[in-house]
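Look at the model below. Begin where two chains meet, then move on to single parts.

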Amino acid sequence: MAKSKKPSVNRRGFLKGAAVGAAALVATPAIAGVPVPVQAAAPRPGTTLPSASLAVAETSPPPRADVYTTDRPGSDFMVDVIKSLGIEYVAANPGSSFRALHESFINYGSNKMPELLTCMHEESSVAMAHGYAKIEGKPLMVMAHGTVGLQHASMAIYNAYADRVPVYIVLGNILDGQWRRSDVEWAHAVQDCASMVRDYTKWDDSPVSLTGFAESAIRAYKIAMTPPMGPVVLVADAVLQEEPVPEQERGRLRVPKLSVTAPPAGDPAAVSELAKMLVAAENPLIVTGRPARTPNGLKSLVELAELLQVPVLDRRQRMNFPTRHPLYGTGSLATADFVLGLEVPDFWQVIHAQTPVSKMGMESRLLTKPDAKLATLSTTDLLTKANYQDFGRYNEVDLAIGGDAETTLPSLIEACRKLITADRRRAIDARGARLAEASKKLQDQALQDAAWGWDSSPITTARMSAEIWNQIKNEDWSLVSDVVFQSFWPTRLWNFTKHYQFIGGHGAYGVGYNAPAAVGAALANRKYGRLTVNIQSDGDLNYAPGVLWTAAHHKIPLLNIMHNNRSYHQERMYVADMAARAQRDVSRVGIGNDISNPNVDYATMAKAYGMFSIGPIENPADLGPAIKRAIEVVKKGEPALIDVVSQPR
Amino acid sequence: MIKPIVVLTLVAVPLFVAAQTAPAGSAGKGQQTFLTQNCYYCHGTVGQGSRDGARIAATSLTADGLIRYVRKPAGAMPAYTEKVISDQDLRDIYAYLKAQPAAKTPKEIPILDQSRDK
């Protein structure tokens, strides 16, 4: 921070001086210890005496002049610190507890690196950061009130935590009650901001000095970016933001250097053991959750799978493996003699079947052969908290390696390579040939399955996916929504090859994630000129549709295709299960679940927020031309939305 | 709001290929029942199937086979007793499903046929 040549008065010091002056105005000591009101003193006759106030003014040290301005509030220094982190954007719904920081970003910081994004809900701010980070590989900053803003943001923070995604959250708060100016500021103040989300953030701090803020801000970034990544919270006290940088701190303030922590790699001896198990297996299977943090992770995973001709069962939580690769989806838990889970947060669920919700009781059954060997390589073991249960069931495995899969894969590949004998090479190649044949059948089957109900209305999710693919397949595209609600059709029909072409889903299945996460991901894709596609569920959009305005306002190119099945469909299937179990009226389960009567007109909604839109589309023949038209708009740098009335799944 | 989503396994429909009598139900009534009883939630409005329910359009089951399956299903499908849906309703649904045309081949649908081009 540049030094100012102007003298500046510390607000606390100013108020202290003002208080002394005011006391002098109302009380003059007469007899020791007994104050006498000034106005009670009788003037001497015949003389012209100064007024009491003038007398005080002349005989007392001059009161400190009202301090109206400062050229360097503490928030300017905070901006210096945040700029050092290379953060591109700050997503925020405006709030008084961070008004100084807001002003410093747009004026002192010139609204560049970071640039402020106007959000209409704090849940949107965080989910935008969630989507952005999965494309860009680094955090976007969020500002929010330490109370009501954080309350709005909390579900989105939990999603990001469960998805192990870094989000950099700065909260405003007025810690010292003497500085709260109204009932609003009292209601918006809290003793310990971050306590509300401490169960699902990696770290937080509430520094009480600018020096402390600087160190904690850099530390927070470092922690957020160290695998397993996660959201962090930093509290920016409002008085620290708004008051001038104290004189005594000016010479000492500095921005600490960011020392990024290298990701933790698996123990070499354990990696060697894992290589032996993989090479020796006759029918190995790799299960992937989130191993590919970056393009390098995808590349390494393909290299490992091809080296050993191991099929990959992808949980679709990141873009881990090319979807048309002969090893994609061709393995089987039932026949595997060795299963390796890579960054799979729910590994137990993968290898077990449980009694479905439609049946009574609860039993589980291992899906692998009883003597199959099991191993995990993951950072999930390195970050486990108690209260929220996203960690899932305990895994009884033969080898558990705590380490970042992407970082460990190169050494695992080398260890495997050294162990492959000529005999093993022949067996591996034979396995590869079998899997390639199975892959071809799977892909043929996908096309045949997609043809069923092709011309029906509501439009099938297969037709919707095929029509989108037909329009984007020659573009540099990126799908930024999950595929689970479309019966996985995009991953069955499209050719996913690049890391940014898929980012997985919610993390903790907190609905309301998708619409804002898509906007954040599209924002990250914008500078690369990618065509961002979002297949948007109707229920999800209705939590905070104002994010459509944010996309329009900031000119974030994004193709939104509404998957409008006019219901909270997962829930109505559950309630149907309950009705059938209870032998009661299944026809009534739309009550409380359907989003109809009236139907929501999403095209009109989008228009209201300033977004190009088409729909509702009910005739499947109209869909292709609509997508083509919307892509023309998106290519001009605008978002667009097509409302498609669709089958449930 | 936290909504757990269970990835349901596809209903494994046994294939009864035994000789069968002609459907004794009404396809029109069957369509109405299929929709009002919300069978389409998992199986799609024309029985095309989805992540949550098997494809049952143009089913190869017999009507009796369908009824037996609905009363005691395997997999994730709930059991629908006669209190919930009658045998006659299921025969109507069966008629509706049997009336569904077979899907075209991918080669007959240009978008699908060309989808492998890229």
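In this predicted model, chain B gives 41 residues to its contact with chain A. Chain A gives 43 residues to that contact. Which helices of chain B each supply at least two residues of the side that touches chain A? They are α2 (40-43) and α5 (110-113). The largest share comes from α2(B), with three residues. Now sort the side of chain B that touches chain A by class. It has 22 nonpolar residues, twelve polar ones and seven charged ones.

Next, take chain B by itself. It holds five helices and zero strands. Read from the N terminus, its elements run α-α-α-α-α. Chain B has 118 residues, and 46% of them are buried. Look also at how its contacts span the sequence. Take the contacts in chain B between residues at least 6 apart in sequence. Of these, 71% join residues at least 24 apart.

Now turn to chain A and pick out one residue. A:A275 sits in helix α11, which covers residues 268-280 of chain A. Is A:A275 buried or exposed? Count its neighbours. A:A275 has 22 C-beta neighbours inside 10 Å, and a residue needs 20 or more to be buried. A:A275 therefore counts as buried.

Which residues does A:A275 touch, apart from neighbours within four places in sequence? They are A:L412, A:A415, A:C416 and A:L419. Follow one of these, A:A415. Along the chain, A:A275 and A:A415 are 140 residues apart.

Helix α12 of chain A comes next. It covers residues 295-308, 14 residues in total. From first C-alpha to last, α12(A) reaches 20 Å. That is close to the 20 Å expected at 1.5 Å a residue.

Which residues of α12(A) are buried? They are A:G297, A:L298, A:S300, A:L301, A:L304, A:A305 and A:L308. Look down the axis of α12(A). The buried residues fall within an arc of 165°, so they line one face of the helix. An α-helix has 3.6 residues a turn, so residues three or four places apart point the same way.

What covers the buried residues of α12(A)? The cover includes helices α11, α14 (405-419) and α15 (422-450) of chain A. It also includes strands β9 (284-288) and β10 (312-314) of chain A. Finally, step just past the end of α12(A). There A:Q309 takes a positive phi of about 50°.

Technical notes. Residues numbered from 1 in each chain as written. Chains lettered and ligands numbered in written order. Predicted model: local features only at pLDDT ≥ 70, side-chain atom pairs only at ≥ 80, totals over all residues. Contact = placed C-beta atoms within 7 Å. Helix = DSSP H or I, 4+ residues; strand = E, 2+ residues; numbered from the N terminus. Nonpolar A, V, L, I, M, F, W, Y, C, P; charged D, E, K, R; others polar. Buried ≥ 20, exposed ≤ 12 C-beta atoms within 10 Å, placed from the backbone. Expected span 1.5 Å × (residues − 1). Arc of directions from axis to C-beta.
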